[in-house]
Amino acid sequence: QLQFVESGGGLVQPGGSLTLSCAASGRRLDYYVIGWFRQAPGKEREGISCMSSRVSFTKYADSVKGRFTISRDNAKNTVYLQMNNLKPEDTGIYYCAADSPSNFQSMCVMLRPPSVNAYWGPGSQVTVSS
């Protein structure tokens with residue numbers, strides 16, 4: 001079993017920055033496709049960023065492209081989401097997820113939800129408000 005501990009969420013003013021972390025235990029994270037998903041109040045969960053298992057491919061939703069950066073540190077078994085120039089519409093609960101490389105096309109290329117066998121972090125609240 002792969003388990004995540006998320007950290008880094010909080011309240012930030014528009015234009016500010018936050019870095020979310022998802023520290024994994026139980027299995028090595030570098031085998032998996034890694035994604036970040038966001039659920040805004042009253043909306044469905046959406047894929048916002050993804051990284052392939054070999055770190056050669058990354059994908060971002062148009063809404064965050066140029067402002068967010070996904071990365072992973074295999075030595076620390078941790079994945080990150082650096083978020084800059086945050087906007088009020090970025091408010092929501094952010095979840096990391098890990099899925100089999102066989103779901104790369106769906107989860108990473110198309111930013112669709114991962115398979116039912118994916119592992120999810122518990123979620124971090126991000127609130128962007130003045």
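This is a predicted model: local features need pLDDT of at least 70, side-chain atom pairs count only at pLDDT 80 or more; totals for chains, interfaces and linings use all residues.

Me: Where is Thr78, and which residues is it in contact with?

Reply: Thr78 belongs to strand E8, residues 78-83. Helices (H or I, at least four residues) and strands (E, at least two) are DSSP runs, numbered from the N terminus. Contact means heavy atoms within 4.5 Å. Leaving aside neighbours within four places in sequence, the contacts of Thr78 include Ser21, Cys22, Leu29 and Arg72. Ser21 is 57 residues away in sequence, yet the C-alpha atoms of Thr78 and Ser21 are 6.8 Å apart.

Me: What makes Cys22 and Cys96 a disulfide?

Reply: A disulfide is a pair of cysteine sulfur atoms within 2.5 Å. For Cys22 and Cys96 the S to S distance is 1.8 Å, so the pair meets that cut-off. The torsion about this S-S bond is -75 degrees, and the link is left-handed.

Me: How many disulfides does the structure hold, and what pattern do they follow?

Reply: There are two disulfides. With bonded cysteines counted along the chain, the pattern is 1-3, 2-4. The link between Cys50 and Cys108 has an S to S distance of 1.9 Å, which is within 2.5 Å. Its torsion is about -90 degrees, so this disulfide is left-handed. It links distant parts of the chain, with Cys50 in strand E5 (residues 46-51) and Cys108 in helix H1 (residues 104-109), 58 residues apart. Cys50 is at 0% relative accessibility and counts as buried, and Cys108 is buried at 0%.

Me: Why is strand E4 described as largely enclosed?

Reply: Six of the seven residues of E4 (residues 33-39) are buried, so the strand is largely enclosed by the rest of the structure.

Me: How do you know that E4 pairs with E9 and with E5?

Reply: Two strands pair if DSSP finds at least two bridges between them. Seven bridges join E4 to E9, and these strands run antiparallel. Five bridges join E4 to E5, again antiparallel. As examples, Ile34 has Ala98 in E9 as its bridge partner, and Phe37 stands opposite Gly47 in E5.

Me: What makes Phe57 and Phe104 an edge-to-face pair?

Reply: A pair of aromatic rings is described by the distance of the centres and the angle of the planes. Rings of Phe, Tyr and Trp (its six-membered ring) pair if their centres lie within 6.5 Å; planes under 30 degrees apart count as stacked, over 60 as edge-to-face and the rest as tilted. The rings of Phe57 and Phe104 are 5.1 Å apart, centre to centre, with 75 degrees between the planes. The distance is within 6.5 Å and the angle is over 60 degrees, so the pair is edge-to-face.

Me: Why are Phe57 and Phe104 called partly exposed?

Reply: Phe57 has a relative accessible area of 25% and Phe104 has 23%. Both values lie between 20% and 50%, so each residue is partly exposed.

Me: Why does Gln1 count as exposed?

Reply: Gln1 is at 65% relative accessibility. That is over 50%, so Gln1 is exposed. Gln1 lies in the segment before strand E1 (3-7). Not counting residues up to four places away in sequence, Gln1 touches Ser25, Gly26, Arg27 and Tyr119.

Notes: Residues are numbered from 1 along each chain as its sequence is written. Side-chain values use heavy atoms; hydrogens and water are left out. Buried means under 20% relative accessible area, exposed over 50%, partly exposed in between (1.4 Å probe, protein chains only).
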